[in-house]
Amino acid sequence: MTANFSSTERFRVSMVNSDGGSERVTVQLSLEGLKILNQDGSRTMRSYNLRNVSSWDLMDTSTVIWTKSDVDLEERALTLSGDSTTIRNVVDTLASCCMQ
């Protein structure tokens, strides 16, 4: 199943890796799903359908998005950080997309 990302919102944030390091990424959100792209948006690093997003936690300058695919035994955490306004906008857009 191919997702249609024609109507999207993009945010530039940092993705926190499991080792504590981070890298700049572009988050692309639409009614079809969530994509994590490299900083210039030329390569997809991760892609999730919205049905695979189970929950999210909002902290001041970061959010943890919990995902679980059909093959995962446990939920996986995706941590994004940035300024508080950008992170709030990511969470607001994600919530809006999930509620549609």
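A residue counts as buried under 20% relative accessible area, as exposed over 50%, and as partly exposed in between (1.4 Å probe, protein chains only). This is a predicted model, in which local features need pLDDT of at least 70, side-chain atom pairs count only at pLDDT 80 or more, and totals for chains, interfaces and linings use all residues. Residues are numbered from 1 along each chain as its sequence is written, and side-chain values use heavy atoms, with hydrogens and water left out.

**Salt bridges**

The whole structure holds 2 salt bridges (a side-chain nitrogen of Lys or Arg within 4 Å of a carboxyl oxygen of Asp or Glu).

| Pair | Closest N and O atoms |
|---|---|
| Asp70 and Arg51 | 3.7 Å |
| Asp72 and Arg76 | 3.0 Å |

Asp70 and Arg51 are both exposed. In the second pair, Asp72 is buried at 13% relative accessible area, whereas Arg76 is exposed at 52%.

**Nonpolar core**

A nonpolar core is a set of buried Ala, Val, Leu, Ile, Met, Phe, Trp, Tyr and Cys residues joined through side-chain atoms within 4.5 Å. The largest one has 18 residues, and those touching the most other members are Val13, Val27, Leu34, Ile36, Leu78 and Leu80. At least two core residues come from each of strand 1 (9-16), strand 2 (22-29), strand 3 (33-38), strand 7 (76-81) and helix 1 (84-99). Helices (H or I, at least four residues) and strands (E, at least two) are DSSP runs, numbered from the N terminus. Helix 1 contributes the most, with 4 residues.

Leaving aside residues up to four places away in sequence, Leu80 has contacts that include Val13, Val27, Ile36, Ile87 and Val90 (contact means heavy atoms within 4.5 Å).
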